[in-house]
Amino acid sequence: MKKKYLQIILNHTLDYTFLKFKSSYFFVFIFFLCQLVNGQNPKTKTNTSWENLILLSKTVGVNSDGIKIQYYKNRGNKYTNDWIFPWTVGVENYAIDSKLILKSNYRSYSSGYFGIGRNAIKHFKNNFYFNINASIVLGTEKLIDYSSERFDRILIGMTTSQGLLFIPKSKYGVVFGASVFEKAFTSKIYSFDLGIQLSVGVKF
């Protein structure tokens, strides 16, 4: 039954990427995760190690709002002074504040990026963990000016975040997170952003 729920969750995660992260899928994803929580066996043998983790996050920044999907790979479950350092890859699609577009020489803007980085995760208390991330990102931005001329540009930048993760002790389980983030880009419209992100996902 758990495998069935996990398969449903992964399918919705893929749909999210290819359908430009429509908000309705976000709530469907949460619904299935809640069902998974109800189906978890509380007598599962304690296992604090994990190899794979998928997070779906809603980001709300000063200059932009977006949806992000991240995959964590904890290779070998190696600990260093109670810290683990999993690799992270992810994609984000976001929309910027319309006021920024009005202040620019463009009438339309859209962008997204792919990122790769490392996380530093340390146990805090019970099932809560500190989570620090730094990623290098590469993406594109599409701009249209008032003469309807289109410009496609490459984005290069860096994102960081600091927050908490709730990771259950069971082998499979639902993960929750909350953090603050910072972004720096080579964008024509805006070069910096900060805000909060709320996450939900699965470990396996």
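# Notebook: one chain, looked up piece by piece

**Entry 1, Ser161.** I began with the contacts of Ser161. Leaving out residues up to four places away in sequence, I found that Ser161 touches Asn131, Ile132, Asn133, Ser179, Val180, Phe181, Glu182 and Gln197. The model is predicted, and I keep that in mind for every entry. Ser161 sits in strand β7. Is Ser161 buried or exposed? Its relative accessible area is 8%, and buried means under 20%, so Ser161 is buried. I also looked up how far Ser161 is from one of its contacts, Gln197. The two are 36 residues apart in sequence, and their C-alpha atoms are 8.9 Å apart in space.

I stayed in strand β7, which covers residues 150-166 and holds Thr159. Thr159 has 7% relative accessibility, so this residue counts as buried as well. I listed what Thr159 touches, again without residues up to four places away in sequence: Tyr113, Asn133, Ala134, Ser135, Val137, Glu182 and Lys183.

The largest cavity has a volume of about 100 Å³. Its lining has 15 residues, and those nearest the centre are Tyr72, Asn131, Ser179, Gln197 and Ser199. I noted that Asn131, Ser179 and Gln197 are also among the contacts of Ser161. Which strand gives the most to the lining of the largest cavity? That is β7, with 4 residues. At least two lining residues each come from β2 (64-73), β6, β7, β8 and β9.

I then followed β9, residues 192-203, and looked for its partners. Strand β1 (residues 52-61) runs antiparallel to β9, and 9 bridges join them. One pair I looked up here is Leu53, which stands opposite Lys203 in β9. Strand β8 (residues 173-185) is also antiparallel to β9, with 12 bridges between them. In that pairing, Lys183 has Asp193 as its bridge partner in β9. β8 and β9 form a hairpin, and 6 residues lie between the two strands.

Leu194 is in β9.

I looked along β4 to see where its side chains point. They alternate. Thr88, Gly90, Glu92, Tyr94 and Ile96 point to one face and are buried. β4 pairs with β2 in the antiparallel sense over 10 bridges, and Gln70 stands opposite Gly90 in β4. β4 also pairs with β5 in the antiparallel sense, over 8 bridges. There, Tyr94 has Ser111 in β5 as its bridge partner.

In soluble globular proteins, nonpolar side chains tend to be buried together. I looked for such groups here. The largest nonpolar core has 13 residues, and those with the most contacts inside it are Tyr94, Ile96, Tyr109, Phe185, Ile189 and Tyr190. β4 (87-96), α3 (98-103), β5 (106-125) and β6 (128-145) each supply at least two of its residues. β5 gives the most to this core, with 3 residues. I then took Ile96 on its own: not counting residues up to four places away in sequence, it touches Asn63, Ser64, Ile101, Tyr109, Ile189 and Tyr190. A second, separate core has 10 residues, including Leu53, Ile84, Tyr129 and Leu165.

I finished with the totals. The chain has 3 helices and 9 strands. Along the sequence they follow the pattern α-α-β-β-β-β-α-β-β-β-β-β. Of the 204 residues, 42% are buried. Among contacts with a separation of 6 or more, 61% are between residues 24 or more positions apart. The chain exposes about 11400 Å², and carbon and sulfur atoms supply 61% of that area.

Methods: Residues numbered from 1 in each chain as written. Predicted model: local features only at pLDDT ≥ 70, side-chain atom pairs only at ≥ 80, totals over all residues. Heavy atoms only, no water. Core = buried A, V, L, I, M, F, W, Y, C linked by side-chain atoms within 4.5 Å. Buried < 20%, exposed > 50% of the residue type's maximum accessible area, 1.4 Å probe, protein only. Contact = heavy atoms within 4.5 Å. Pairing = 2+ DSSP bridges. Areas by Shrake-Rupley, 256 points an atom, 1.4 Å probe, with all protein chains shown as cover. 1 Å grid on protein atoms, 1.4 Å probe; cavity = no way out; pocket = protein on both sides within 12 Å on 5 of 7 lines; lining within 4 Å. Points joined across faces, edges and corners; volume = space filled by probe spheres on them.
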